[in-house]
Amino acid sequence: RSHVLEITAQAGNPEIAARIANTMADLYIEQQLIRKTHAATKATGWLDQQIADLRQQVEKSERAVEEYRREHGLYETKSDMVTSQQVNELNTQLVLAESQKAEAAAKLAQAEKVLRDPSGVDALPAVVNSPLIQALRQKQIEMERSSAELSSTYGPQHPKIREINAQLHDIKAKINAEVGKVVSALRHEAQSTAARYQSLHDSLGQLQKEMGSEGEKSIRLRELQSQAEANQQLLRNFLDRSKET
């Protein structure tokens with residue numbers, strides 16, 4: 001699990017030995033760059049699709065706010081519409097909770113998709129950022145290369161072939177186990193954020209019952225505004241993530 005690699009090469013000619021070691025280092029760095037670039041490209045494609053969907057959601061939620069305002073004649077200032085500091089604070093928390101809930105759900109959906117189709121595992125940010133999983137993936141690539149080389153010389157039942165296949169199976173099992181841990185953590189995060197959002201939403205519903213008709217209209221408008229703001233915040237988060245990727 002070290003971040004330092006040592007390469008040693010032996011040859012009759014010291015210049016050849018040096019070239020072998022240096023070439024191996026260059027190839028390793030090149031493979032790492034290719035893998036990370038490929039993972040970033042897949043992640044960017046997924047993010048672009050999410051951003052396109054979120055833009056539509058933002059437009060839809062903003063339109064809903066304006067239509068509700070027009071339908072109920074709620075064109076007062078924000079301070080006039082919010083009749084309670086408690087409601088104002090609760091809505092602020094609800095905006096943040098909804099944004100966190102949506103983001104956690106999006107991460108979980110992507111992770112569960114990876115479980116169904118392991119070929120997209122490198123597009124999962126939590127996997128890309130895991131040194132242990134990446135070390136196992138690199139080990140898998142090296143062993144698959146060795147297996148291909150041995151297969152050109154030995155038959156499938158040869159002890160060397162059977163041994164390296166067993167090692168490959170073990171590495172894949174370890175990778176799947178680590179990915180499973182990542183998915184479990186994301187699932188727990190999604191459940192926690194959903195529970196918090198539901199709790200805040202229920203509290204807001206209780207306030208709606210306690211307030212008068214005009215207050216209910218204002219709260220409903222604030223709810224729509226919260227949804228619009230949450231979508232806007234989520235879009236900003238995904239745009240920032242896309243720029244980073």
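Start by selecting Ser 242, which sits in helix 7 (residues 213-244). Helices here are DSSP runs of H or I with at least four residues, strands are E runs of at least two, and both are numbered from the N terminus. Is Ser 242 buried or exposed? Ser 242 is buried, because its relative accessible area is 19%, and buried means under 20%, with exposed over 50% and partly exposed in between (1.4 Å probe, protein chains only). Now show its partners: leaving aside neighbours within four places in sequence, Ser 242 touches Leu 47, Asp 48 and Ile 51, where contact means heavy atoms within 4.5 Å.

A word on ground rules before moving on: this is a predicted model, with local features needing pLDDT of at least 70 and side-chain atom pairs counting only at pLDDT 80 or more, while totals for chains, interfaces and linings use all residues. Residues are numbered from 1 along each chain as its sequence is written, and side-chain values use heavy atoms, with hydrogens and water left out.

Zoom out and colour by secondary structure. You'll find 7 helices and 0 strands, running α-α-α-α-α-α-α from the N terminus on. Of the chain's 245 residues, 32% count as buried. Among contacts with a separation of 6 or more, 72% come from residues 24 or more positions apart.

Next, pick helix 1, residues 14-72. Its 59 residues reach 86 Å from first C-alpha to last, close to the 87 Å expected at 1.5 Å a residue; the expected span is 1.5 Å times one less than the number of residues. At its N-terminal end, Asn 13 is the cap, with a side-chain oxygen 2.8 Å from the backbone nitrogen of Glu 15.

Colour its buried residues: Ile 133, Gln 134, Leu 136, Gln 138, Gln 140, Met 143 and Ser 147.

The axes of helix 1 and helix 5 come within 12 Å and cross at roughly 120 degrees; axes are lines fitted to C-alpha atoms, for helices over the stretch in contact, and angles run from 0 to 180 degrees between N-to-C directions. Which residues in helix 1 and helix 5 meet? Tyr 28, Gln 31, Gln 32 and Arg 35 from helix 1 meet Gln 134, Gln 138 and Arg 145 from helix 5.

Hop over to Glu 103 in helix 3 (residues 85-116). Glu 103 is buried, with a relative accessible area of 17%. Its side chain makes a polar contact with the side chain of Arg 241 at 3.0 Å. A polar contact is a pair of N or O atoms within 3.5 Å; within protein, one must be able to donate a hydrogen and the other to accept it, and residues adjacent in sequence count only if both atoms are side-chain atoms. Beyond neighbours within four places in sequence, Glu 103 is in contact with Leu 234, Asn 237 and Arg 241.

Stay on helix 3 and select Leu 90, which counts as buried at 11% relative accessibility. Draw a distance to Leu 200: the two C-alpha atoms are separated by 7.0 Å, although the residues are 110 apart along the chain.

Last stop: Ala 185 in helix 6 (residues 159-210). Ala 185 is partly exposed, with a relative accessible area of 46%. From its C-alpha to that of Leu 108 is 9.1 Å, across 77 residues of sequence.
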